[in-house]
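Please open the structure in your viewer and keep the selection tool at hand.

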Amino acid sequence: MSAVIDTHGHAGHDHHHGPAKGLMRWVLTTNHKDIGTMYLWFSFAMFLLGGTMAMVIRAELFQPGLQIVQPEFFNQMTTMHGLIMVFGAVMPAFVGLANWMIPLMIGAPDMALPRMNNFSFWLLPAAFSMMVSTLFMEGGGPNFGWTFYAPLSTTYAPESVTFFIFAVHLMGISSIMGAINVVATILNLRAPGMTLMKMPLFVWTWLITAFLLIAVMPVLAGCVTMMLMDIHFGTSFFSAAGGGDPVLFQHVFWFFGHPEVYIMILPAFGAVSAIIPAFARKPLFGYTSMVYATASIAFLSFIVWAHHMFTVGIPLTGELFFMYATMLIAVPTGVKVFNWASTMWQGSMTFETPMLFSVAFVILFTIGGFSGLMLAIAPADFQYHDTYFVVAHFHYVLVPGAIFGIFASAYYWLPKWTGHMYDETLGKLHFWMSFVGMNMAFFPMHFVGLAGMPRRIPDYNMMFANFNMVSSIGAFMFGATQLLFLFIVIKCIRSGQPAAAKPWDGAEGLEWTVPSPAPYHTFQTPPEVK
Amino acid sequence: MMRHPRVWMSLLLCLAFSSAHASWTVNMAPGATEVSRSVFDLHMTIFWICVVIGVVVFGAMFWSMLVHRRSTGQQPAHFHESTTVEILWTVVPLVILVLMAIPATKTLIEIYDNSESELDIQVTGYQWKWHYKYLGQDVEFFSNLTTPQDQINNLAVKGEHYLLEVDEPLVVPVGTKVRFLITAADVIHSWWVPALAVKKDAIPGFINESWTRIDEPGIYRGQCTELCGKDHGFMPVVVEAKSKVDFATWLAERKQLAATEKELTSKEWTLDELMARGEKAYNTACAACHQPTGEGLPPMFPALKGSAIATGAAAGHIGIVVNGKPGTAMAAFGKQLSEVDLAAIITYERNAWGNKVGDMVTPKDILEFKKAQE
C-alpha cells in the first residue's frame, strides 16, 4: 500500500487533487468527504420526509374523531415514519459523520474501501425511492408498523410488501458494507502511535456500532427473507396453520431490533464525549470506563431482545431473565451519564450551540433511560406495553438522544466541513425551539400512555384529548423549526465568518490540525501521534 | 387559517375549558384487583427511584452549569479519572436494581400463577372485534364496537365512552378467579384492561393464559394494544363485573337465549325476515371491510355490490363466507357466526345495494353445505 502512495508522490505530482467537475463528481466519487456529505444531505432529506409524515400523524391526532386521513392511510404514515426515520434519517446521518470524521480523527487519508463506500451510499436512494413509491401503489404502502409483525405483514399485507422487503434488503446491504468499511478503516488505517486506547471516543463507539451492524443486519435480512418465502413460496415460518409460529418473527426481529436501537445511539455517545470536554475545557472524565461501558452496552444488547415481547406469553423464567438483563443495562448507561456530568464538573463551560445540544442530550436521554428502566420491570410493563408511554420512551431516546447528538455533531464540525462559522444566534434559536417543541410533543405522551392510550391508533377517547392537542402543537413547532436548521446550514456554506483550523479553543483531536474547510485530500502523510 | 385570532381563541378555550370528559390525567390508576395494585406500587416505586436519581444527577449538572462557567471566571480543573468513584457509581446502581428486582419478581410470579381458576373464558381476537366463550357453559358471543360512525366522523357529539363501548361486554363475577385463554383467529391482537392489569397478546394458533380476580362490581374498559390492521383503534375491550348472584342470573339468561337462537335454525324464514336480520348482522360482521354500502375498499377489501360471487350461484357465495379465502383478509365465518346469521348475511348480500339475485339462502342451506363439507 505504501509503495503505491510513494510512486504516486513521485510520478503523479501533476495530477489534479481536487474533485472532479459536474454531476459525475458525486456519482463516481470515492472521496470520504464527498460521500460523507452525500450521506448527510440524504439523511436530512429523509428526516424532512419522515417528519412530514409525523406532521400528518399529529394533525390527525390533534383532536378526537377522524378529520384528515382514514385509518388505512394513518397506518401507512406511522409505518413509513418509523422506517424512514430509523433507516433513512438516523442511520445514514451517523454513517455520514463516520465517513467525514473517522479518517480525519485517526489520521487516515480516506476510508479503507472507497469504491465500496460509494456503492453503499448509492444503494440508499434506490432503496428509499422504491420504498416510498409503494405509497402510490394500488393497495397502498406498508401499513403494519415499522416492526412489521407477521402475519399482519405477510398474509394480511398489501401487495406492495414485496417492494418493502426488497428495499429492506438493499438498506441492509448498504449498512453491512458501510460497517465493514468502518471496521477496516479503524483497524488498519490509524496514524502511527494511535493505539486503540488513544482513539477518540467517537471512533470507539463507531467501531463497536459497526460490529453490531455486521452482527444484526443479516438477521434482519433473514427475517424479511422468511416473510418473502411465506408470502410467495408457500412456506409457513410465521404461520401456525402450517406448523410455524408468529412469535418466531418477533424473536428474530427483536434480535435485530434491540442492537439496532444501540446502533442509533452509540455514535451519538461518542460525539457528545468529544463535544462536552471541548466546551467544558476539561478532559473527558473516565475515558477507559467509557470504552468499557460502551462495550458492555453492546454485549447486553444481544441478550435483552425479549423485553419487547413481555406480553407474548414467554415462560416465567424467560420473563425473569429478560427483566434482569434489561435492568442491568442501566448500570453501564449510568456510568456514561455520570462521566459526562463529572466532565462538566469544575470545568470552564461556555454554551455554544453544540454544547447546548450535548447537555440537552445528556439530560433528556437520561429521562428516556429512566422510562426505559421502568419498562424493564416486567409486571409494570404489562401496563406500559404498546401504549403511548412506550412512544414517549423511544422518542426521548431517539429525538433528544440520536437526533440531538447529530445536531450537536453537525454544529461542532460544520466549521471544519464548510470553512465557515454558522450563525450562532440562529443556532441557539434552533436549539431552544427544538428543545421546547420536542418536550412539548413527547412529554405529554407519558401521561396519555399511563392513562391508557394505546399506540398506533388514529382516534381516541376524549379523556386523552387535552394532552394530545398539546403534543401536536409541540410537534408542529419542532417540525417547523427544522427548516431553520436547513437555512442555517445553507447560510453557513454560502457565507459566514471564515473558520480557523481549530475554531473551538477547548477542542482536541487530529481533525483540528488540518485547515478549515478540510482540503479534498488530507493526511496523505500520516501524522505522528504521541 | 392561523391568522384569525378567533381560531387561536377557540384553541385556548379548548385547552382551558375542554369538554366535560376530557381530563389532564397524568398517571396510571391503581386499578380494581390485588394484582393491579401491586403493579401500581411497582410502577410508583421505580418512578420515585428515577425521580431521586434524576434530582441528584440533574441537580449536580445544573449547579455545575450555573457555577462552573467561563463567564464567572472559572479555571478548568484537570482531573479526569478516579477508579474509586467509578466503582462506586457502578456498585450503587447495581444494589438499587437488585432491591428493585425483588418485589418485581414476586409480583411476576403471582401474575403467572394461572392455577385453580373458578371460571374459564376463551378470548379470541378477530379483525376487529373480540369473541368470548364461557368454557363448559355453552355461552359465547362477539363483542363489537357500538360507537356510531357519525361520532367518529365528527357529525355527531361524541359520548362519554366514545370508542370504548361495545354491544356485549364480557361479564364476569366479582371475587372469583377468572382465567382467560387468549388467542386470535387472524392476526395478532392484544387484550388489555388497564384496571385489571391484564395485557396478553392474542396470537393465531397459540393460546395464552392470564387471570384476574375483581373486587368490586363495575365496568372496566380497555382496548386492543397490538396493531392489527385498519380498525385497530376501534376494537375496545369492555368487562362488566357483577356480583356472584347477578352473574348467575345473567349466565342462566344467556343459556336460555342460546337455546332459543338454536331453534331459529329450523324455523321457516321469509325473504323479508332474512333481509332485515341480514342487514343488522352484515353491519356488525362485514361492514368494517366491505363497507355499509357494499362498495368495499379495493383492492384490499373488494366490493360486493355487483360482484361475481355475490350475484353468482349460491353455493359459491356460501362457500366463501363459510370458509373464507386463504391468503387474504377474508376470514372463514363458518364458525364465527350462527347458521341463521350466515344465511341472513348471504341473502342480504345477494339482494342489497342493487344486487338482485332474488333467491334466498336459508339456515338449512347453510347446515347442508356444512354437512356436505364434512
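**A strand pair and its sheet in chain B**

Begin by selecting Gln122(B), which stands opposite Lys133(B) in β2(B). The model is a predicted one.

Now display the whole sheet. Its 5 strands follow the order β3-β2-β1-β5-β8 (chain B), forming an open sheet with mixed pairing. At the edges are β3 (139-143) and β8 (208-212) of chain B, each of which pairs on one side only. On average, neighbouring strands of this sheet are turned by 25° against each other, direction ignored.

**The interface between the chains**

Select the contact between the two chains: 84 residues of chain B are in contact with 83 residues of chain A. On the side of chain B that touches chain A, the elements giving two or more residues are α1 (5-16), α2 (34-67), α3 (83-111) and β7 (198-202) of chain B. The residues of that side comprise 45 nonpolar, 27 polar and 12 charged.

**A helix pair in chain A**

Finally, select helix α12 (residues 330-344) of chain A and helix α13 (residues 353-376) of chain A, whose axes come within 11 Å and cross at roughly 160°. Angles over 145 degrees count as roughly antiparallel, and α12(A) is therefore roughly antiparallel to α13(A). The crossing of α12(A) past α13(A) is left-handed.

To inspect the contact, show Ala330(A), Thr333(A), Val337(A) and Trp340(A) in α12(A), which meet Val362(A), Thr366(A), Gly369(A) and Leu373(A) in α13(A). The residues of this contact divide into 5 nonpolar, 3 polar and no charged.

Methods. Residues numbered from 1 in each chain as written. Chains lettered and ligands numbered in written order. Predicted model: local features only at pLDDT ≥ 70, side-chain atom pairs only at ≥ 80, totals over all residues. Axes fitted to C-alpha atoms, helices over the stretch in contact; angles between N-to-C directions. Helix = DSSP H or I, 4+ residues; strand = E, 2+ residues; numbered from the N terminus. Parallel < 35°, antiparallel > 145°, perpendicular 65-115°, else oblique. Left-handed = near helix turned anticlockwise from the far one by under 90°. Contact = placed C-beta atoms within 7 Å. Nonpolar A, V, L, I, M, F, W, Y, C, P; charged D, E, K, R; others polar. Pairing = 2+ DSSP bridges.
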